[in-house]
Amino acid sequence: MKILVTEHVAQEGLDYIRKNNIEIEGKMNLTPQELAQIIGNYDAVITRSGTRITKETLTNPGKLKVIGRAGVGVDSIDIAEASKKGIIVINAPGANTIAAAELTTGMMLNALRKLPTAHYSLKYERKWDRKKFMGVELSGKTLGIVGLGHVGSEVAKRAKAFGAKCLAYDPYIKKTKALDLGVELVEQFDEILERSDIITFHTPLTKETKNMMTKKEIDKAKDGVILINCARGGIINEKDLYESIKSGKVAACGIDTFEKEPATDNPLLDLDNVFVTPHIGANSNESQINVSLILAQQIVNALLGRPYQNAINIPFIKDKMSKEHRLYFDLAEKMGSLAAQLTEGRPSQIDIVMVGTRFEEDVVEKAFDVPFNYQPFTIAALKGFLEFSMSDSVSYMNAPYVAKELDIIVSEAKAKNYENYNNLLLMKIATDKQTKIIGSTLFEDGTQKIVLVDEFRTDIAPKGIYLYVINKDKPGTIGKIGTILGNLNINIAGFHLSRQKSGFAMSFVELDTQPSQEAINLLKKIEDIELIKAIVFN
Ligand SMILES: NC(=O)C1=CN([C@@H]2O[C@H](COP(=O)(O)OP(=O)(O)OC[C@H]3O[C@@H](n4cnc5c(N)ncnc54)[C@H](O)[C@@H]3O)[C@@H](O)[C@H]2O)C=CC1
Ligand SMILES: O=C(O)CCC(=O)C(=O)O
């Protein structure tokens, strides 16, 4: 196997890869066209923020299986395209946190005390200007942290050590996390704007966070506010920042990440009180070794078929789920398969409802860098459903994309209860011909059961072979089914009958062997049978 490395990555990770008998080829400064041309010759590619992996890069993916991002932000990678092509995107969350948090703290001090300007003035202009360099202290100030993830949390600890009061805005974290850090979590971003002396951003670049700070938001902030962006260019609108620095509304800012990088001709560089670094947040020896080692281990695991973590486009790791959730996950996939076998017509919508306390807390946190943010049960149900007609081309990774390409609307919801079920996975499928509802649950002892099909209650284990029968609820039908199956030497292993006031009955007849089409045709001839289908759970 062979891995392409397109940017500088610490030696430690590369050594680890070589020890696992995987070759490495370093090719720096490739043009996008050159990268697209050669990427398919490699099993994996390792990049940093300077390499963009776009749809065009992946036109001929060849044998590429893994894109490794030596860092956190994956906004430089087209995740949707990688997922559609079955390529795993792996990053190294948390590995460069301390470097980024320390740089941010330094940026705050630069902005508060103008250290780089004082340094320049003495060293290069030989001026002893003590009056000019009056600053303000971090102690006693209010710091607004936007995004209380890995970096935001470490920035909070450092700012608190300096005596600052920390507020945070992050609608996706647990309240206890902020509480444990001694940070006041606010509900609205506006509160950060109104109360903070310094605002620092630590979110990924997403649809929500792009242009989160424009003139409108800056105007709501305190006069003389200090802004720090060591997360991603584009979170603060650079044009509006430029105007606000010029007008004095923003006293100073510290920027490590820019809308367009390299940012050597960025107009912000012309302004005093704009303190800049060339995207070096992660550049410490320690963090680069961490990133390189963690990433290398995960890539090697993925390539050698061992368990791996941090895959951005498979936002859940089955091994990390509780045993119960793993059973529900498998059950969801079987339910999807059953739905595909029972449903008629072209599907237009699939709704998954997670009912009960077992699903109250999300199994996976919201992942910001993936286009679809479903819980694993939804993905499993989708995979089970789509796989029936599309076989191996559907994976956990691409199931939501395949659904989208088929114009199937997918929705996910939670409910406290449903009829008298406490914990239930419900799958509702709408097609151009019908709507079907299937419900499944787990018994106390871990037994998986399908318990609902439309208006019928049932109790079948999702394994083996069944005949699904809908018939007019009249005497003799079941006997006739038994006789025909007996004559064909097909053994009945179980019978699950459900009746409805409507005058119809639904049965799942468990069989030891799969009935031939000839058998199904014979059974269809029985009077009062409305529908009969063979169902196979793999
Ligand atoms: N300058 C550099 O070299 C480095 C930059 N970074 C960047 O810093 C950022 C933070 O990195 P980590 O803390 O490691 O990521 P993380 O994923 O641990 O934390 C991100 C936090 O942002 C929150 N968030 C997402 N959308 C939000 C929204 N609309 N409003 C408020 N909060 C929101 C999430 O809930 C999460 O807690 C990322 O963009 C990463 O790429 C990270 C390391 C080095
Ligand atoms: O080291 C890099 O490539 C940039 C680090 C970074 O921005 C990140 O990890 O998100």
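Two strands pair if DSSP finds at least two bridges between them. Helices (H or I, at least four residues) and strands (E, at least two) are DSSP runs, numbered from the N terminus. With that in hand, let's start the tour.

**Before you click**

This is a predicted model, in which local features need pLDDT of at least 70, side-chain atom pairs count only at pLDDT 80 or more, and totals for chains, interfaces and linings use all residues. Residues are numbered from 1 along each chain as its sequence is written, while chains are lettered from A and ligands numbered from 1 in the order in which they are written. Colour the protein chain by pLDDT, the predictor's confidence in each residue, from 0 to 100: the average is 95, and 100% of the residues score at least 70. For the complex, the predictor gives an ipTM of 0.99 and a pTM of 0.86.

**Stop 1: the parallel sheet**

Select residues 142-146 and residues 198-201. These are strand 6 and strand 9, which run parallel and are joined by four bridges. Zoom in on Leu143 to find its bridge partner in strand 9, Ile198. Now widen the view to the open sheet of seven strands, ordered 8-7-6-9-10-11-12 with parallel pairing. Strand 8 (184-185) and strand 12 (274-276) are at the edges with a single partner strand each, so one side of each has no neighbour in the sheet.

**Stop 2**

Of the 33 residues around ligand 1, Gly73, Gly147, Gly149, Tyr172 and Gly281 come nearest. Which helix gives the largest share of the shell around ligand 1? Helix 6 does, with three residues. Helix 4 (97-113) and helix 6 (150-161) each supply at least two.

Next, show ligand 2. Around ligand 2 are Arg48, Ser49, Gly71, Val72, Gly73, Asn96, Gly281 and Ala282. Its shell has two nonpolar, five polar and one charged residues (Ala, Val, Leu, Ile, Met, Phe, Trp, Tyr, Cys and Pro count as nonpolar, Asp, Glu, Lys and Arg as charged, and the others, Gly among them, as polar).

**Stop 3: the domains**

Colour the protein chain by its domain assignment: domain 1 (1-94 + 282-313), domain 2 (97-276), domain 3 (316-462) and domain 4 (463-538). These bounds come from an automatic or database domain assignment. Ligand 1 lies between domain 1 and domain 2, because both give residues to its shell.

Turn to domain 1 and domain 3, whose C-alpha centres lie 32 Å apart. Eleven residues of domain 1 are in contact with ten residues of domain 3 (contact means C-beta atoms, placed from the backbone, within 7 Å).

**Stop 4: the antiparallel sheet**

Finish with strand 19 (residues 464-472). Eight bridges join strand 19 to strand 22 (residues 529-537), and the two run antiparallel. In strand 22, Ile529 stands opposite Asn471, and Ala534 stands opposite Leu467. Strand 19 also pairs with strand 21 (residues 504-511) in the antiparallel sense, over eight bridges; there, Leu511 is the bridge partner of Ile465. The open sheet has four strands in the order 20-21-19-22, and strand 20 (492-499) and strand 22 are its edges, each pairing on one side only. Last, show helix 12 (residues 323-342), which lies across strand 19 and strand 22 and runs at about 145° to strand 22.

Definitions and conventions. A residue is near a molecule or strand if its C-beta atom, placed from the backbone, lies within 6 Å of it. Two residues are in contact if their C-beta atoms, placed from the backbone, lie within 7 Å. Axes are lines fitted to C-alpha atoms, for helices over the stretch in contact, and angles run from 0 to 180 degrees between N-to-C directions.
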